[in-house]
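Reader: I have a model open and a few things to ask about it. Can we go through them one by one?

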Amino acid sequence: MKETKSYELTNPQKSIWYMEEYYKGTAINNICGSLTISEEINFEKFIQAIKIFVKQNKSFSIQLTLEEGTPKQYFSNVKDFNIENIELNSQDDIQKLEEKMVNTPFNTIDSLLFEFKVFKLPNGSGGFVVNCHHLISDACTFALIGNEIAKIYYNLLNNIVEEYDFPTYLDYINSENEYLVSDKFKKDQEYWTNQFLTIPDVASIPASFKNVSNYSANSKRASFVLQKNTVEKIRTYCSKNKISVFNFFMAVYSLYISRVSNLDDIVIGTPILNRTNFKEKSTTGMFISNVPLKISINNNSTFLEHVSKIAKDSLSMLRHQKYPYQFLLENLRKQNSSVPNLYDNLISYQITKANDGSVDLPYRVHWTSPDYISCSMNIHLHDNNDTGDLIMSYDYLVDKYSLDDISATNDRILTIINQILTNEYICLNNIEIVTEKEKNKILFDFNNTNVDYPKDKTIVDLFEEQVEKTPDKIALISNNIKLTYKELNSLSNKLAYKLLDLGITNKSVVGIMVNRSPEMIIGILAILKSGSTYLPIDPEYPKDRIYYMLENSNSQIILVNELSKNYINDNIKKIDISFSTIKELDYKEINLNKKINSNNLI
């Protein structure tokens with residue numbers, strides 16, 4: 001039965017609601033897990049324990065309603081609810097049940113936002129699977145579910161009488177309303193505004209083969225075990241250098257993401273507990289919020305300096321963690337409406353133990369995520385059952401990544417970790433991200449001169465054949481620019497026609513002075529298509545060296561962009577090939593079909 005009083009959603013809940021609306025009809029906001037007791041269960045008392053827990057925790061009575069289109073929450077009267085009792089045969093059956101439940105969307109309006117199922121195994125042991133909506137539950141809540149139900153069940157079994165008086169989520173609703181009009185809120189807002197006076201390009205881990213321009217939210221999870229002995233070495237390193245294990249992994253992944261995205265300034269999302277006192281840590285409900293951690297990588301520094309800087313910045317960030325990420329985005333978009341989500345990768349380090357050992361009951365837990373995510377990749381580092389191993393789980397978009405991409409990423413992360421543990425003062429410049437297996441492939445397999453190739457064809461022939469085969473697949477990705485094979489071919493054709501119009505011949509040498517960018521690839525292809533030869537010139541070269549190269553090669557034309565065009569005086573013909581300029585060229589987009597062969601200078 002609905003109470004008359006309704007309440008605003010808290011900001012953590014609002015972020016979930018916005019995501020729910022964006023990915024409507026999916027189970028993206030579900031969180032599911034199981035608790036298995038490895039001894040014979042008294043199912044009557046076990047179900048009774050679940051119901052006592054739910055009754056005593058008001059967040060489980062939260063339901064949503066729409067008031068003039070705005071979501072509000074109210075606390076319903078959950079006197080009773082159905083718990084299905086089923087028989088399963090194995091751990092695989094439990095996993096299948098979790099996967100089915102977690103991928104079943106909830107009706108979010110005027111409905112309970114949780115579901116319990118109790119299961120029995122052939123030997124009389126068993127447990128429960130619970131699926132909750134993130135509007136009423138986060139990872140910390142899930143740890144409380146396991147610990148508290150186990151404790152209540154143990155007390156019922158042993159006739160221990162205990163009064164259960166759990167803190168209520170209503171207190172958090174009220175405290176957040178106070179926060180939003182406090183001086184603390186203003187200070188937090190000032191901190192985050194100053195953090196993002198400059199906004200880095202969105203860093204992303206590249207994929208090897210997926211070429212969809214608009215990704216769906218469909219995802220899969222791949223998990224790898226970091227063995228206990230390596231985990232202990234990491235903990236020893238962190239203890240010695242007074243940093244957290246979270247900081248260590250954030251430093252490792254930030255270095256990797258920086259390298260593969262070719263960005264020195266990046267942002268990585270990370271979920272923050274957002275429970276600032278003991279009472280909140282004992283309260284079920286949605287508290288967690290994602291925050292954007294801005295990281296600058298100085299490749300001349302040591303890894304220890306890098307991780308120490310992250311530790312310092314993380315500490316500052318934690319002091320201001322309560323400020324809602326959505327507020328930050330809204331403020332940034334008031335100044336620039338094109339500001340995207342600040343991060344594309346999220347990293348969480350879950351240290352909450354789902355079995356706190358407070359009762360003499362042998363149980364273990366397992367958590368399952370839905371097959372949907374909002375970032376390209378979410379990386380979860382966790383050990384919920386206190387095994388000493390660390391599980392490295394990657395939730396990844398199936399439209400973007402393959403399992404091989406994820407395996408390669410994890411192998412490179414382990415390669416970085418091993419170098420750091422071998423040499424704690426290693427410089428970032430000296431850390432390699434290429435694994436030994438990849439090195440051997442580059443050095444030996446790729447240099448195998450016995451490999452056959454079409455000697456009668458040019459690079460232009462091979463590229464244009466690929467355009468015909470896969471015109472709509474992504475050929476080039478650079479920051480926010482993505483070009484299909486067809487688009488890349490069209491742009492390079494337009495520029496090639498312009499070069500021919502300027503008198504370029506098969507004997508010409510054309511300089512190209514741009515940093516690694518889409519313009520560089522377009523420029524090189526255009527020069528090849530025109531039949532001439534390209535001369536790459538690094539914009540960082542001294543001017544005397546640049547002019548010597550141009551003069552010595554008899555280059556009459558040089559391709560430049562906005563960043564490099566002022567390096568060259570007007571004695572040589574400059575063509576601005578900035579991306580926006582190439583797109584506006586008034587030349588044909590069809591292939592030139594110019595006769596070129598392997599005897600040309602290039």
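Author: What follows is a short talk about a few residues.

Author: This is a predicted model, where local features need pLDDT of at least 70, side-chain atom pairs count only at pLDDT 80 or more, and totals for chains, interfaces and linings use all residues. Residues are numbered from 1 along each chain as its sequence is written, and side-chain values use heavy atoms, with hydrogens and water left out.

Reader: Ok. Where is Asn 274 found?

Author: Asn 274 sits in the loop between strand S9 (265-272) and helix H9 (278-281). Helices (H or I, at least four residues) and strands (E, at least two) are DSSP runs, numbered from the N terminus.

Reader: And what is the phi of Asn 274?

Author: Positive, about 60°, although Asn 274 is not a glycine.

Reader: Is Asn 274 buried or exposed?

Author: Asn 274 counts as buried, at 2% relative accessibility. Buried means under 20% relative accessible area, exposed over 50%, partly exposed in between (1.4 Å probe, protein chains only).

Reader: What about Asn 554, buried or exposed?

Author: Asn 554 counts as exposed, at 56% relative accessibility. Its place is the loop between helix H17 (543-552) and strand S19 (557-560). Asn 554 has a positive phi of about 60° and is not a glycine either.
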